[in-house]
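Biologist: I am new to this structure. Please show it to me, and then let us go through it step by step.

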Number of protein chains: 2
Amino acid sequence: MKAKLLKLIEEQKLNELRKYLETINSADFPSLFEELEEDKILIIYRVLTKEKAAEVFTELDPDMQEKLINYLTDTELKTVVDNLFFDDEVDLIEEMPSNVVKRILKNVKPEDRSVINELLAYPEDTAGTIMTTEFVDLKENMTVKDSFDKIRKIGLDKETIYTCYVLTIDRKIIGVIDVKDLLIADPDSLIKDIMNPNVITVSTLDDQEEVAKMFDKYNFFAIPVVDKEKRLVGIVTIDDAIDVLQEEIQEDFEKMAAVIPNDESYFKTSVFKHARNRIVWLILLMLTSIITGGILDNYESAFVSLPILVSFVPLLMDTGGNCGSQTSTLVIRGFSQDEIRLKDFFKVWWKEIRVAVLVGIVLALVNTLRIFIQYGFDQTKLALVVGLTLVLVVILAKSLGCILPMLAKKLKMDPAIMASPLITTIVDSCSVFVYFQLAVMIFGL
Amino acid sequence: MKAKLLKLIEEQKLNELRKYLETINSADFPSLFEELEEDKILIIYRVLTKEKAAEVFTELDPDMQEKLINYLTDTELKTVVDNLFFDDEVDLIEEMPSNVVKRILKNVKPEDRSVINELLAYPEDTAGTIMTTEFVDLKENMTVKDSFDKIRKIGLDKETIYTCYVLTIDRKIIGVIDVKDLLIADPDSLIKDIMNPNVITVSTLDDQEEVAKMFDKYNFFAIPVVDKEKRLVGIVTIDDAIDVLQEEIQEDFEKMAAVIPNDESYFKTSVFKHARNRIVWLILLMLTSIITGGILDNYESAFVSLPILVSFVPLLMDTGGNCGSQTSTLVIRGFSQDEIRLKDFFKVWWKEIRVAVLVGIVLALVNTLRIFIQYGFDQTKLALVVGLTLVLVVILAKSLGCILPMLAKKLKMDPAIMASPLITTIVDSCSVFVYFQLAVMIFGL
């Protein structure tokens, strides 16, 4: 691909170059540009048709976009901006430094500027911020033939074209129809007779994650967004919904690993920012684990007279942490997939307790065997203390792994923060306490 | 919705009922059925048009599907099965118990049976298992008008209709064209003049996750699947791709929490199976943490003469674990999003070491302050030992959090297994060792 392009550029066959570029998928341009020198990139970019140029532009990462904008003349920039979808334009404005934003806004058509300002005003993470205001709207008294004429005239991108919305005079949505149904229908039939009047809509202020999840449930290509007066103001398309789903999942992974979520990519984030995103939870968790240390302090006389007790502390702490994180991960994921709900609390807890008893007993048996082998068969008391603690710790860890995310959900917090790091630290204190308490009782220390 | 349905059923207005049901999205039927009694469900299901009945059927969960099949007569079942897409039919056969499968296969048209058998033969997790064999194929000498006639005649579902593939006589794929482009084109133009000859395809044996990721990169609605001879054999549609992405992410979450991944839902998995999926890693990790215990054993004389040393063990273990899991999560996610590659190893490592130094110093300072407050300002040696260990442990944890997933990737294993549980356990041994070694040196124990 690269060789062919360079050859066409060198031979100055620009028409052929344009034709060839048309056949390359826009999503492949970023990696292509990475391999080319800047003057070649500019030649290629300037030769693209204006629709393709806009499409390619939205695929580039913000750094490349900024660089490109700085190379383009105002006229060229205007052409690109005019051909962007509103949602992509808003994304661009949100990513660029202020001097670039100024240049972009200067080159936006005045009538478009107000739409963009409206879109920029929606609160973060709402449907309003990810919707586009370009869509095909039909009237109920149009025929199928009229509708096709209108679709052809608007000639939008494929994400926005295949679902058409039927509006009243005051832009309230009363029906939805797929291009597929239009294709099958008699050209003279009326839209109102073939549209589906049962339209599923979202509101501009709905959480973007909830909107994205609807694409997973319903096989939509787009979902209509209405304002408070139930007027259609935009649509969210499936490509943006997939992006939101991916972002939210990344956020969950980060939260569950005690990292403060970050929109930027790993390499783009500076060392200082990485450190800042991680230190908050680390300090909090470190201070929490002081409690565990304090409990150990309390049993100083016990472990000084029986030092072997100390060597089981890591095993108990690790096992407790692992059991807790297994359960909390399953519960947190269950929530985010709407598989587990708050009302299932007792069902989940009861299941986890039974799992815990099974797992705990197996772990205790394996560990008893290991104690007998390592320290001799006369260590029944030690095996008893460690084994009993293991069973109790597993039950406790799995209970907390289920209770804490549920509690967070109940308090309308994000359950993902109740993931392994926090649960591990809490379970640690409990397991150390149970362990030494049992040891003191059984060994009579 | 429910009240209206019950009223229509009671009044026996079946035509009106059918019309109303048409307007309800198929994805809403499962929750609707959950609220209705079985006889009502059957009435509703029997009244549906045959296309809607098939659509609704694919939305139901396997339990409900099985129940429904058992209620349907052979003729009814035949109608449902005939209207299913091949990929949904294959899914169904894979989910049902053998007696139900027998009944399904008995009611499949003989010519379809061979297609199903072929699809069933593809290895697990390949593109072949998630593709459907229904698509719109055109010839290069057809006109746009011919193409619309063909699309109307085939009349498939919307996922499969909007991208058409241009094939040669021997079914090799030579072009792709969107319905949108057909709509805009002159009805008399030839397909070969307007199709895009640069087709992105996948092979039947490609990993389904890689295929699904292509939907994230390119804004496709469907991707063509070719066999070894480059003949088009099916397409993967975006709805199935989203399902695959969700499944794979769930698997990653489970692996990273030391749970063996499981296709079934939380509630459908039995207590025994839950226990089995969790015990394997727990035993392995428990045995690993024996090493940490052994190291503690070695320093028995040190902590017996200075028992306060023990109370910092939880803090060091927890912090090490948390730091390691922060890094490993970011690296594992970076891999799965193709943001981090193997060749970036030194770049990532160097970044992590700098982050670790920053984070380690801050944690050491906070902890020093706390030691001074809790134990008095004369505890400089203790503060030094714990502080130094903290810095070293954080560097070590973040290094391992980057090295181990990279190593797994290099060895063509899944990096997700190198997540927090395993890294925590490994970091634990190292931190206990470093800690006591430093203590022995600095306190001269």
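Biologist: At roughly what angle do the axes of helix α21 of chain A and helix α18 of chain B cross?

Modeller: First, the ground rules: this is a predicted model, where local features need pLDDT of at least 70, side-chain atom pairs count only at pLDDT 80 or more, and totals for chains, interfaces and linings use all residues. Residues are numbered from 1 along each chain as its sequence is written, while chains are lettered from A and ligands numbered from 1 in the order in which they are written. Helices (H or I, at least four residues) and strands (E, at least two) are DSSP runs, numbered from the N terminus, and axes are lines fitted to C-alpha atoms, for helices over the stretch in contact, with angles from 0 to 180 degrees between N-to-C directions. The axes of α21(A), residues 345-375, and α18(B), residues 271-298, come within 9 Å, and they cross at roughly 40 degrees.

Biologist: How many nonpolar residues does the contact of α21(A) with α18(B) have?

Modeller: Two residues are in contact if their C-beta atoms, placed from the backbone, lie within 7 Å. Leu358(A) and Val362(A) are among those from α21(A), and Ile279(B) and Leu282(B) are among those from α18(B). Ala, Val, Leu, Ile, Met, Phe, Trp, Tyr, Cys and Pro count as nonpolar, Asp, Glu, Lys and Arg as charged, and the others, Gly among them, as polar. By class there are 2 polar, 3 charged and 12 nonpolar residues.

Biologist: Which helix gives the largest share of the side of chain A that touches chain B?

Modeller: The whole contact takes 93 residues from chain A and 92 residues from chain B. On the side of chain A, they divide into 49 nonpolar, 26 polar and 18 charged. The largest share is 16 residues, and it comes from helix α18 of chain A.

Biologist: Which residue of chain A comes closest to the rotation axis?

Modeller: Copies are superposed by least squares on the C-alpha atoms of residues with pLDDT of at least 70 in both. A rotation of 180 degrees with 0.0 Å of shift along its axis puts chain A on chain B, with an RMSD of 0.1 Å. The two copies are thus related as by a two-fold rotation axis. At 2.7 Å (C-alpha), the closest residue of chain A is Val304(A).

Biologist: Why is strand β6 of chain A largely enclosed by the rest of the structure?

Modeller: A residue is buried if 20 or more other C-beta atoms lie within 10 Å of its own, exposed if 12 or fewer, and partly exposed in between, with C-beta atoms placed from the backbone. Strand β6(A) spans residues 232-237, and it is largely enclosed because its buried residues number 6 of the 6.

Biologist: What is the bridge partner of Ile223(A) in β6(A)?

Modeller: Two strands pair if DSSP finds at least two bridges between them. Strand β5(A), residues 222-226, and β6(A) pair in the antiparallel sense over 5 bridges. Their hairpin has 5 residues between the strands, and Lys230(A) takes a positive phi near 65 degrees there. The partner of Ile223(A) is Val236(A).

Biologist: Which are the edge strands of the open sheet in chain B?

Modeller: The sheet has 3 strands in the order β1-β2-β3, with mixed pairing. β1(B) and β2(B) pair in the parallel sense over 3 bridges. Each edge strand pairs on one side only: these are β1 (136-138) and β3 (173-178) of chain B.
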